[in-house]
Amino acid sequence: MAELNIGKHCHIESCNRNDFLPFVCGLCSGVFCLDHRSREAHSCSEEPEKKEPRITGGNKSYPCSFQDCKGKELLPVICPQCAKHFCLAHRHQDDHECEKLEVQKPRMAATKELVQKIVESKDKSKTKGRRGAKNSATAAKVALMKLKLHAAGDKGLPQTERTYFQVYLPKDSKDSSQPMFFCSEWSVGKVVDYAASLASLKNSNNVLTAKKLRLCHPQTGEALRMDDTLVSLLSHPETPLFNGGEVVLEYLDNQSSGLDVSDYITQL
């Protein structure tokens, strides 16, 4: 009867065991029994290929390069022009004042020149007060360019969410007015609190018997409702506020619904 040739012999000479289920080494291609299947057991002559460690994101974050911004992102947000990292709020060239913005310098120079002309023309017509052409939407658009150069506010707000005002401060304040910007989604109450903080004004709106700091319409003198949002006031059908226009911040008695705008203007 013929002998069946099943399995293979282990390549280790001192072993030479016939294994019915032999193991083939993936490095040296040798055939080994169960006891000598590991590299160490058969003293494999081949070294395994070293793989570079895979780098994962882990807890790494990317800080914003914009001055004084402490924002960070888990993924890189790189400006394609200046190749710097920025947070989402400063990702656009205008928002981080990109050094590669080609039209920036000429536009700024032209804007400053235009603003200077507007200021000079206003000085010649101060007797007309703050009413008249400046209360129109067109005048507000022109004034908006000046406000964007100097206005104080939360620098983390995207440009598309900003609403700019020349805020006239209470009569006994050191400064008559300050340029500021706010989020268009904010309520009037939040705008009042934030403006008071920027101008270092005393704010006792949470004290029942104290005079309340209120935001008033520049034409009607009406105290704006604290729960109204800026975006709703900007689209008011009859007496809208204008982005780039004016608002009045004043202390009013609890019973007062507004102020006398003509009396207020004469004292500015």
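**View 1. N16 in the loop between β1 and β2.** In this predicted model, N16 is found in the loop between β1 (8-9) and β2 (18-19); strands are DSSP runs of E with at least two residues, helices are runs of H or I with at least four, and both are numbered from the N terminus. Residues are numbered from 1 along each chain as its sequence is written. Because the model is predicted, local features need pLDDT of at least 70 and side-chain atom pairs count only at pLDDT 80 or more, while totals for chains, interfaces and linings use all residues; side-chain values use heavy atoms, with hydrogens and water left out. N16 is not a glycine, yet has a positive phi of about 55°. Most residues other than glycine have a negative phi. The relative accessibility of N16 is 43%, so N16 counts as partly exposed (buried means under 20% relative accessible area, exposed over 50%, partly exposed in between, with a 1.4 Å probe and protein chains only).

**View 2. D68 in the loop between β5 and β6.** D68 lies between β5 (62-63) and β6 (72-73). D68 is another residue that is not a glycine and has a positive phi, here of about 70°. With 72% relative accessibility, D68 counts as exposed.

**View 3. The open sheet of four strands.** The strand order is β8-β7-β10-β9, and the pairing is mixed; two strands pair if DSSP finds at least two bridges between them. β8 and β9 are at the edges with a single partner strand each, so one side of each has no neighbour in the sheet. From one strand to the next, the twist averages 35°. Axes are lines fitted to C-alpha atoms, for helices over the stretch in contact, and angles run from 0 to 180 degrees between N-to-C directions. β7 and β8 are antiparallel, with seven bridges, and F165 stands opposite M180 in β8. β7 and β10 are parallel, with four bridges; V167 has V247 of β10 as its bridge partner. β9 and β10 pair in the antiparallel sense over five bridges, and K212 stands opposite L252 in β10.

**View 4. The two faces of strand β7.** Seven of the seven residues of β7 are buried, so the strand is largely enclosed by the rest of the structure. On one side are R162, Y164, Q166 and Y168, and on the other T163, F165 and V167. In a regular strand the side chains alternate between the two faces of the sheet. Helix α2 lies across β7, β8 and β10 and runs at about 90° to β7; contact means heavy atoms within 4.5 Å.

**View 5. Helix α3 and its buried side.** In α3 (residues 188-198), the buried residues are V188, G189, V191, V192, A195 and A196. They cover an arc of only 160° around the axis, which puts them on the same side of α3; the arc is that of the directions from the helix axis to the C-beta atoms. Their cover includes β8 (177-183), β9 (212-216), α4 (230-234) and β10 (245-252). Just after the helix, S200 has a positive phi of about 55°.

**View 6. The nonpolar cores.** The largest nonpolar core has 28 residues, and V167, F182, L215 and L249 have the most contacts inside it. Such a core is a set of buried Ala, Val, Leu, Ile, Met, Phe, Trp, Tyr and Cys residues joined through side-chain atoms within 4.5 Å. Two or more residues each come from α2 (137-150), β7 (162-168), β8, α3, β9, α4 and β10. The largest share, five residues, is given by α3. Another core, of nine residues, lies apart from this one and includes F86, C87, C98 and L101.

**View 7. Aromatic pairs.** The structure holds five aromatic pairs. Rings of Phe, Tyr and Trp (its six-membered ring) pair if their centres lie within 6.5 Å; planes under 30 degrees apart count as stacked, over 60 as edge-to-face and the rest as tilted. Y164 and F181 form a tilted pair, 5.3 Å centre to centre with 45° between the planes. Y164 is in strand β7 and F181 in strand β8, 17 residues apart. Y164 is buried at 3% relative accessible area, and F181 is buried at 1%. The ring centres of W186 and Y194 are 5.2 Å apart and their planes lie at 70°, so this pair is edge-to-face. W186 is buried, at 12%, whereas Y194 is partly exposed, at 23%. Ring pairs link F165, F182, W186 and Y194 into a cluster.
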